[in-house]
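Student: Hi! Could you walk me through this structure before I set anything up?
Tutor: Happy to, let's bring it up.

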Amino acid sequence: MGMHMGGPGGASAWALMRTMRRDDEVAHQKLPPGTVKRILRFASPYRWRLAAFLVMIVVDALVSAANPLLYRMIIDRGIGHHDTRLIAIVAGVVAALAVVSAGLTLVQRWVSSTIGEGLIYDMRTRVFDHIDRMPIAFFTRTQTGALISRLNNDVLGAQQAFTNTFSSVIGNLVTVAVTLVAMFVLSWQITLMSLVILPVFLFPARAVGRRLAKITRDSYNLNAEMNTTMSERFNVAGALLVKLYGRPDAEERVFADRAGKVRDIGVVQSLYVGVFFVSLLLTASLATALVYGVGGLFAAKGILLVGTVVALTAYLNRLYGPLTSLSNVQVDVMTALVSFDRVFEVLDLEPLIAEKPAAVELARGPASVELDHVDFSYPTPEEVSLASLEAVAVLEQAPRQQVLFDVSFTAEPGQLVALVGPSGAGKTTISHLVPRLYDVRAGAVRVNGVDVRDVTLRSLHDIVGVVTQDAHLFHETIRSNLVYAKPDATDEEITEVLRLAQILPLVQSLPDGVDTLVGDRGYRLSGGEKQRIAIARLLLKAPDVVVLDEATAHLDSESEAAVQEALGQVLVGRTSIVIAHRLSTVRSADQILVVDAGRIVERGNHEELLARGGLYAELYRTQFEGQEAALG
């Protein structure tokens, strides 16, 4: 007998409670046109298994519905007429049907799990791949937790549409139809009286369900707050902040307050669940008493046989649960459809950076980089994000602001071009355009004379390598972080890039060498060590164009010297675009571009710009005087 069947106790009662506590508001949500068709297309690879699954549900419901009639036969014809042979035969049929039902249940579970897990796999991989291809602007706006929720909660909710909701609806419909027909045939009077009792449970249950839906929402929110507190305090940066500011007692009070709210709402939730189950059991008991009472009178007067009364009671236990579930079927179906819609919402958000169908491959080798009259403004929220992923009701409507104006320069093969200027001038924005993290609004970015919008993303990323201010390392081994750039790298290649990055002695001194875990975000390494691992990773990638975004800005003098020496190995023979905070590090650049307020206001080499006495000379003099003051 399937999980949707049975009396008011056990798994069926829990399933019934879940459907009653669903939020009624979801039934009034508007879904985009064509959502159901998209769902069916998504499930089309499983259509034959779904059909077999639904057939098994119907057969299981019919098999289960036969049992009360067999009990009736045993009592009225077997026991009543002392027919031991009939009793043995019918009891054998009941046992055989039990075996058949058990087998059907196991097969149903297997088919259901293959469909459900297959759908979860398909949807998760599609959503993950889609999100993975979104532009960097998407990730700067959306909440990581919201994205993970789409991959977990909403995907599971969508999967349950097939394995739980729709199968439950069909199973309940068949169960109710067969049960009511059988009961009306056995005694229409008792059947009508039994149905009259149903509202005694149904209306209070709906009220409890609505209250439970609100409590459940509040519980999720309170649990989310508590989990946020833990995740923020248990990562390295959060734990360090707590230690530095010496606030463990205050943190304990904050957490205790949030955990206390979770505890209190859990008690209330448990009380309402108890009321639900007590009401269900009370109604079932009253209905059973009614059937035995009225049926017993009818049997005493010879209107009904005793076996018929027993059969009616058995059918009654199969009636209330499915009927109550069907009363909330609109909410159940809409809840499943909304989960699908939330998944489709992400899949329908087109990546802002897309590869053209006829994109060409960039050839490897010495490369030039050209920015040709580039204007740029960051994309609006509507272009890259969803309100639901930012946990806001409506995306902000701030007007687009231009951040780059008519930027033009060329870095010839093997040249070093430095970008300098005050903070917020647009230097990092320029560096983001070369690997096509963003697309220009006007003008063009070209590598080897080819517009980056016309080339394959893979070939562009093979040619362009980037090292940022804060090098990110995955919570894996040093080896894993390195081979991310070149999966087939040999041990000899790994050793060589570590040597060139000036970090081989340190790695060799570690107990596990290159198989040492670097910790969350690489926190087991110092800033300078992380940067040198990132440089080694870049060397393993061996790009033709290198973009360095203030790679030594936050390092101490010793670490900076080591990283600068490692960078010297990276830049040899490569076209380089370097954002420099310390101007002393770019004196030897072939071309220095001074960026201010989104424009290139000066260009030339170090001596030319100093002689010109403009912004570069002012910045250099300020830094030089500051260094002298620090030394003095």
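This is a predicted model: local features need pLDDT of at least 70, side-chain atom pairs count only at pLDDT 80 or more; totals for chains, interfaces and linings use all residues.

Student: Great. How many helices and strands are in the protein?
Tutor: The protein has 22 helices and 10 strands. Of its 632 residues, 46% are buried.

Student: And how much accessible surface does the protein have?
Tutor: About 31500 Å², with 59% of that belonging to carbon and sulfur atoms.

Student: What share of the contacts is between residues 24 or more positions apart?
Tutor: Counting contacts with a separation of 6 or more, 81% are between residues 24 or more positions apart.

Student: Let's go inside. Which residues have the most contacts in the largest nonpolar core?
Tutor: Those are Val420, Leu482, Leu498, Ile533, Ile592 and Tyr616, in a core of 41 residues. Helix H19, residues 527-541, gives the largest share of this core, with six residues.

Student: New topic, Arg436. Where does Arg436 lie?
Tutor: In the loop between helix H14 (427-433) and strand S4 (442-447).

Student: Is Arg436 buried or exposed, and why?
Tutor: Arg436 is buried, because its relative accessibility is 5%, and the cut-off for buried is under 20%.

Student: An arginine in there! Which side chain does Arg436 meet in a salt bridge?
Tutor: Asp439, at 2.7 Å from N to O. Side chains of opposite charge can pair when their charged atoms come close. Arg436 also has a polar atom of its side chain 3.1 Å from the backbone oxygen of Ala354.

Student: What else is Arg436 in contact with, beyond four places in sequence?
Tutor: Its contacts there are Ile353, Ala354, Val452, Arg453, Leu457 and Leu460. Arg453 sits 17 residues from Arg436 along the chain, and their C-alpha atoms are separated by 7.8 Å.

Student: Then which residue forms a salt bridge with Arg453?
Tutor: Asp451 does, with the closest N and O atoms 2.8 Å apart. Asp451 counts as buried at 13% relative accessibility, while Arg453 is partly exposed at 23%. Elsewhere, salt bridges with shared partners join Glu370, Asp372 and Arg446 into one network.

Student: How many salt bridges does the count come to?
Tutor: The count is 15 salt bridges. Another of them links Arg133 and Asp129, with the closest N and O atoms 3.1 Å apart. Arg133 is exposed at 53% relative accessibility, and Asp129 is partly exposed at 35%.

Student: Which residues form the nonpolar patch on the surface with about 220 Å² of accessible area?
Tutor: Ile136, Phe139 and Leu437 form that patch together. Phe139 belongs to helix H5, residues 136-141, and is partly exposed at 35% relative accessibility.

Student: Last one, Ser576. Where is its place?
Tutor: Ser576 is in strand S8, residues 575-579, and counts as buried at 1% relative accessibility. A polar atom of its side chain lies 3.2 Å from the backbone oxygen of Arg574.

Student: And what does Ser576 touch, not counting residues up to four places away?
Tutor: Ser576 touches Gln415, Leu416, Val417, Val546 and Leu571.

Technical notes
Residues are numbered from 1 along each chain as its sequence is written. Side-chain values use heavy atoms; hydrogens and water are left out. A nonpolar core is a set of buried Ala, Val, Leu, Ile, Met, Phe, Trp, Tyr and Cys residues joined through side-chain atoms within 4.5 Å. Buried means under 20% relative accessible area, exposed over 50%, partly exposed in between (1.4 Å probe, protein chains only). Helices (H or I, at least four residues) and strands (E, at least two) are DSSP runs, numbered from the N terminus. Contact means heavy atoms within 4.5 Å. A polar contact is a pair of N or O atoms within 3.5 Å; within protein, one must be able to donate a hydrogen and the other to accept it, and residues adjacent in sequence count only if both atoms are side-chain atoms. Patches are made of residues with over 30% relative accessible area and no salt bridge: like charges are joined within 9 Å, nonpolar side chains (Val, Leu, Ile, Met, Phe, Trp, Tyr) within 5 Å. Accessible areas come from the Shrake-Rupley method with a 1.4 Å probe; for residues, only the protein chains shown count as cover. A salt bridge is a side-chain nitrogen of Lys or Arg within 4 Å of a carboxyl oxygen of Asp or Glu.
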